[in-house]
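Subject: Structure handover

Hi,

Here is the structure I promised to pass on. Please open it first, then read my notes beside it.

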Amino acid sequence: TMKSYNNWPAGFRKGNLSFEGGVFDGRYIWMIPANADSVVRIDKDSGVMTEFSNWPPDFKKGGHAFAGGVFDGQYVWMIPSYAESVVKVEASTGVMTAYNNWPASFKKGGYAFAGGVFDGQYIWMIPANADSVVKIDKDTGVMTEYNNWPSEFKKGSHAFAGGVFDGKRVWMIPYYADRVIAIDSKTGDMKWYHQRPSEFTNVEYAFTGGVFDGENVWLIPLNADSIVRISTTTGSITSLKNWPVNFS
């Protein structure tokens with residue numbers, strides 16, 4: 001059963017490409033603004049929406065600002081796409097704080113990250129056009145970059161879209177990249193686990209996001225013609241494309 005909610009906050013204009021991603025804090029769904037000028041929170045029980053647009057001083061939101069977010073138990077962290085800062089929102093008060101003390105050698109640029117994961121202490125930002133994975137400490141805001149990519153891998157632009165955490169590694173989901181890359185959350189070591197199967201007819205924008213079921217990483221297809229499942233223990237690959245009848 002589906003139910004729609006469109007009682008937007010007074011004064012809020014929901015244009016095109018408003019939000020990209022969302023997080024759940026136990027009661028509210030927080031929608032992450034791309035082009036929308038506000039964060040919008042919706043009560044899961046009542047459907048009542050509240051907007052938050054008291055952006056930090058000197059922060060200029062602009063368009064395509066964020067792409068995805070994570071919840072650390074107290075704050076909603078918004079992952080910057082074109083925004084120049086990471087911005088966190090305190091879930092209880094709506095107060096926002098910006099972090100843009102990027103690592104010294106890091107050049108952020110546009111469409112930098114697409115999604116992130118939380119490992120209990122750090123938020124890991126998944127690189128789209130950024131040349132590095134960047135993690136940020138939830139307590140201090142200190143950022144660390146990782147770009148020791150496997151020798152066989154050429155990152156390129158629009159590389160990944162979303163990631164999952166299996167308790168040890170952050171798995172980055174390929175968008176344009178030709179393989180999955182996993183990074184050890186303790187050591188920063190990177191390893192590739194799955195080069196895109198040759199039978200895939202659609203290469204660009206292959207997957208967008210994934211989920212972890214406790215044993216396997218599932219890659220969600222955008223242009224790829226299959227769902228792909230990867231065992232995190234053996235690295236074995238299963239390609240699933242027995243789509244339901246009448247599904248195009």
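Let's start with strand S6. Six of the six residues of S6 are buried, so the rest of the structure largely encloses this strand. Keep in mind that this is a predicted model.

Which residues cover the two faces of S6? On one side you will find Tyr75, Trp77 and Ile79, and on the other Val76, Met78 and Pro80. All of them are buried.

**Neighbours of S6**

S6 has pairing partners to look at. Strand S5 (residues 66-71) pairs with S6 in the antiparallel sense, over four bridges. Pick out Phe66 to see one of these pairings: its bridge partner in S6 is Pro80. S5 and S6 form a hairpin with three residues between the strands. Gly73 in that hairpin takes a positive phi near 105 degrees.

Then there is S7. S6 and S7 run antiparallel and are joined by four bridges. Here Val76 has Val89 in S7 as its bridge partner. A hairpin of five residues leads from S6 to S7.

Ser81 is in the loop between S6 and S7. Is Ser81 buried or exposed? Its relative accessible area is 4%, and the cut-off for buried is under 20%, so Ser81 counts as buried. Setting aside neighbours within four places in sequence, Ser81 has contacts that include His64, Ala65, Phe66 and Ala67. Lys108, Gly109, Gly110, Tyr111, Ala112 and Phe113 are also in contact with Ser81.

**The nonpolar cores**

The largest nonpolar core has 17 residues. Which of them touch the most other members? They are Trp30, Trp55, Phe66 and Met78. S2 gives the most, with three residues.

Take a look at Trp55. Leaving out neighbours within four places in sequence, Trp55 is in contact with Pro33, Asp37, Ser38, Val39, Lys61, Phe66, Met78, Val87 and Met96.

There is also a second, separate core of 16 residues. Among its members are Tyr75, Trp77, Ile79 and Val86. Recall that Tyr75, Trp77 and Ile79 are on one side of S6, while Met78 is on the other.

**Rings and charges**

Next, the aromatic residues. The count comes to 20 aromatic pairs. One of them is Tyr176 with Tyr205. Their ring centres are 5.0 Å apart and their planes stand at 80 degrees, so this pair is edge-to-face. Tyr176 lies in the loop between strand S14 (169-174) and strand S15 (179-184). Tyr205 lies in the loop between S16 and strand S17 (207-212). The pair therefore ties together parts that are 29 residues apart in sequence. Tyr176 is partly exposed, at 30% relative accessible area. Tyr205 is partly exposed too, at 30% relative accessibility.

Elsewhere, Trp8, Phe12 and Phe19 form one aromatic cluster.

Arg41 has its charged end over the ring of Tyr28, 3.8 Å from the ring's centre. Lys135 has its charged end over the ring of Tyr122, 4.0 Å from the centre.

**A four-strand sheet**

The order is S9-S10-S11-S12, and the pairing is antiparallel. Which strands are at the edges? They are strand S9 (113-118) and strand S12 (143-146), and each pairs on one side only. On average, neighbouring strands here are turned by 25 degrees against each other, ignoring direction. Strand S11 (residues 133-137) pairs with S12 in the antiparallel sense, over four bridges. In this pairing, Val134 stands opposite Glu145 in S12.

**One last residue**

Finish at Met190, in strand S16 (residues 190-195). Met190 has 12% relative accessibility, so it counts as buried. Which residues does Met190 touch, beyond neighbours within four places in sequence? They are Val133, Tyr146, Asn147, Asn148, Trp149, Pro150, Ile181, Ala182 and Ile183. For a sense of distance, compare Met190 with Gly21. They are 169 residues apart in sequence and 26 Å apart in space, C-alpha to C-alpha.

Best wishes

Conventions:
Residues numbered from 1 in each chain as written. Predicted model: local features only at pLDDT ≥ 70, side-chain atom pairs only at ≥ 80, totals over all residues. Heavy atoms only, no water. Buried < 20%, exposed > 50% of the residue type's maximum accessible area, 1.4 Å probe, protein only. Contact = heavy atoms within 4.5 Å. Core = buried A, V, L, I, M, F, W, Y, C linked by side-chain atoms within 4.5 Å. Pairing = 2+ DSSP bridges. Phe/Tyr/Trp six-rings, centres within 6.5 Å; stacked < 30°, edge-to-face > 60°. Lys NZ or Arg CZ within 6 Å of the ring centre and 35° of its normal. Axes fitted to C-alpha atoms, helices over the stretch in contact; angles between N-to-C directions.
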